[in-house]
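Biologist: I am new to this structure. Could we go through it together?

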Amino acid sequence: MKENRRKRRAALAAVIVALPIILFFVSLNVGSYPIPLRDVGKSLLSLVVPSFRSEVPPAVRDIILLIRLPRLLLAVAAGASLAVSGAALQALFKNPLVNEYILGLSSGSAFGAALSLVFLGRAFPPQAGAFLFAVVAVLAVLLMAGRLEASLVSLLLTGVIVSAFFSALLMLVEFLASPYALQSLFYWLMGNLSLAGWGDLALSLPLMAAGLALLFLLRWRLNVLSMNEEEARAMGVDVRREKWLVILAATLITAAATSVAGIIGWLGLIVPHLVRMAAGVDNRSVIPLSAALGASFLLAADAAARSLTSIEIPIGIFTSLIGIPVFLALLNKSKKVWL
Amino acid sequence: MRGRAGRLFPLPWPLFLLLALQLIGQELTVKDTLGRTVVVPARVSRVLSLQPEITRIIAALGADDRLVGRDDFIARFDYLSSIISPRLSQLPAASAPDGTPDLELVMRLNPDLIFASPSEASISDYLQSKTGIPVLAFASMGRFSGLLEEIRWTGAVLGRKDRADELIGYFRQTLGRVQKAIADIPAGRRPRVYLSFWSSFTRTPVFYEPVNAAGGRNLAEGLMPAYLGTLGTEVSLEKILGWDPEVILLHGSYLPAERKVTTSSVLDDPRLRSVRAVRDKRVYYTLGFWYWWDPALVLVETLMLAKLFYPQRFRALDLRSEANAVFKTFYGIEGGFDTLGRLLDIPDRPWR
């Protein structure tokens with residue numbers, strides 16, 4: 001019986017890992033500009049075999065290499081980052097309701113983007129504002145909560161308070177914004193991958209990769225951190241340092257993802273739960289599988305956003321519309337909250 | 001009543017829904033853009049305009065001395081009002097940034113009539129029920145016919161019918177000159193135009209009449225608006241590459257420092273390098289909406305676009321003097337376009 005369950009979990013894990021790779025190549029063929037499969041292949045191959053460059057029209061090559069490829073890489077990186085950040089923080093706080101935005105990050109980044117879009121002009125792009133204030137919000141939470149010496153509950157409460165504070169600041173900026181600036185802000189707040197180019201990814205992609213690598217290396221310690229602190233200390237773990245590292249890495253990847261893609265909700269809550277339902281609660285597998293499933297989820301949502309209507313529907317809408325019913329259905333089926 | 005209105009005004013504009021004008025004693029009964037029936041007193045000497053387009057039309061009608069208040073957009077963001085009527089700068093703003101009227105101030109200003117924006121549909125009824133003052137919600141809704149009807153009805157309720165007719169006639173005549181010059185150009189030979197509006201390269205109007213009137217083809221025309229009740233939608237970069245526009249127009253109504261999308265950012269974007277307009281460097285600013293339109297500016301914009309699309313046919317058109325003449329006709333000011341040009345960094349030709 002146990003052996004069967006183990007095999008089933010291993011098979012599911014294999015599917016979850018393979019899924020983003022399959023979706024990535026399927027998504028490369030999705031878009032409003034019809035491109036034959038062989039031209040997609042030739043465009044990709046032209047990166048390593050220059051002779052292929054002349055075999056596809058320049059517009060097709062640019063669409064594959066300069067529009068779809070960075071967009072899909074962002075979907076993979078942001079999806080993985082948001083899901084892993086949620087999984088890590090849920091383990092750290094021992095709370096299944098925690099998400100990647102719990103420490104005030106989303107309201108901080110929304111305020112930063114709003115400042116840029118409404119008042120600061122081109123010299124200070126929304127990506128920079130969002131990243132800066134996401135980090136400021138989390139630092140404010142940590143400082144107010146007493147540099148992590150305080151209990152995790154007080155850290156969560158401080159996160160709620162800092163979120164409320166930045167939300168109020170955001171409302172103030174919205175109130176003062178011109179109708180035109182407000183439109184841009186609303187669109188940013190809904191989450192959007194459509195304008196991602198290599199320039200946008202130059203900084204955010206390495207940050208996300210570094211943070212994900214750190215959390216991947218820390219994955220076994222998350223198992224220890226999700227125990228009682230005394231037990232963790234008894235096992236030789238420097239609890240304070242490890243908490244810092246987890247929060248730092250989770251903040252870094254969420255801020256980097258949010259600054260380029262806008263606020264994409266629910267991923268960090270839904271994906272780790274789905275992973276735990278499928279593959280159990282061991283963080284050594286929850287972290288990498290959350291990365292794979294988060295990437296797949298965002299790739300699928302982006303493909304749907306691009307292909308279902310003539311309008312580019314912001315992806316944040318899709319992640320909520322698809323994710324919440326799926327999550328509820330699975331939760332209902334499992335009759336259990338996993339952590 | 002509907003039939004009578006149709007006979008009186010043979011060019012009814014469906015969105016305007018001005019279906020009836022009825023003299024009841026000394027009052028006018030008017031149907032506004034929202035389809036509300038509003039009874040307006042025959043003598044309107046104090047007017048509060050919470051709709052920027054109407055505020056400009058009132059200035060063009062020469063009735064700005066009757067204005068007792070303005071809206072927040074005009075007060076805080078509209079560089080135009082100080083050019084067309086310095087008097088407007090002195091007026092108190094009677095609405096909050098979100099469009100909510102300041103009821104106490106409205107009562108204190110004691111207007112006979114209030115103009116509101118149809119964008120915030122509930123505000124008109126709320127304002128009228130709370131103050132007992134008639135509220136008309138008018139806007140062009142981004143159509144020339146709507147703009148001209150708006151001028152006509154604003155003139156009618158303010159007792160400036162002749163001036164309104166004069167402006168309408170001038171607008172139609174100027175537009176007619178452009179259309180006559182391009183009438184023989186078949187649809188297939190008119191330039192394919194992509195418009196980037198509202199601070200994002202991928203946000204575009206699904207209908208923009210100045211482009212059509214100047215002989216261009218708006219590639220996004222007919223798409224479903226993404227913001228209900230407006231003319232805007234979102235398209236993908238791929239879609240724009242697929243359209244391969246011959247001309248790209250960017251929203252130039254913003255002050256230069258506030259433009260998020262600039263001609264250089266489009267021309268330098270490697271993702272757009274295969275687009276014909278970018279290859280040919282035919283990426284320009286156009287004026288566009290500025291909380292609906294300014295009636296003079298949208299006429300100037302149409303002339304500017306005609307010269308841009310067909311430089312040979314309009315080579316005799318001296319844009320600067322023509323644009324200044326439009327401002328003189330509408331607002332009675334000298335060098336209005338020159339002043340605006342300095343503010344928006346517009347040269348006397350289609351500009352980058």
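This is a predicted model: local features need pLDDT of at least 70, side-chain atom pairs count only at pLDDT 80 or more; totals for chains, interfaces and linings use all residues.

Modeller: Residues are numbered from 1 along each chain as its sequence is written, while chains are lettered from A and ligands numbered from 1 in the order in which they are written.

Biologist: Which domains does the assignment give for chain B?

Modeller: Chain B has domain 1 (2-170) and domain 2 (185-344); such bounds come from an automatic or database domain assignment.

Biologist: How many residues does each put into the contact?

Modeller: Domain 1 of chain B contributes 22 residues and domain 2 of chain B contributes 19 residues. Two residues are in contact if their C-beta atoms, placed from the backbone, lie within 7 Å.

Biologist: Which helix of chain B gives the most to the domain 1 side?

Modeller: Helix 2 of chain B does, with six residues on the side of domain 1 that touches domain 2 of chain B. Helices are DSSP runs (H or I, at least four residues), numbered from the N terminus.

Biologist: Changing topic, how many residues do chain A and chain B bring to their contact?

Modeller: The contact takes 26 residues from chain A and 28 residues from chain B.

Biologist: And which elements of chain A give two or more residues to that side?

Modeller: They are helix 3 (58-93), helix 6 (152-176) and helix 7 (179-189) of chain A. Helix 3 of chain A gives the most, with six residues.
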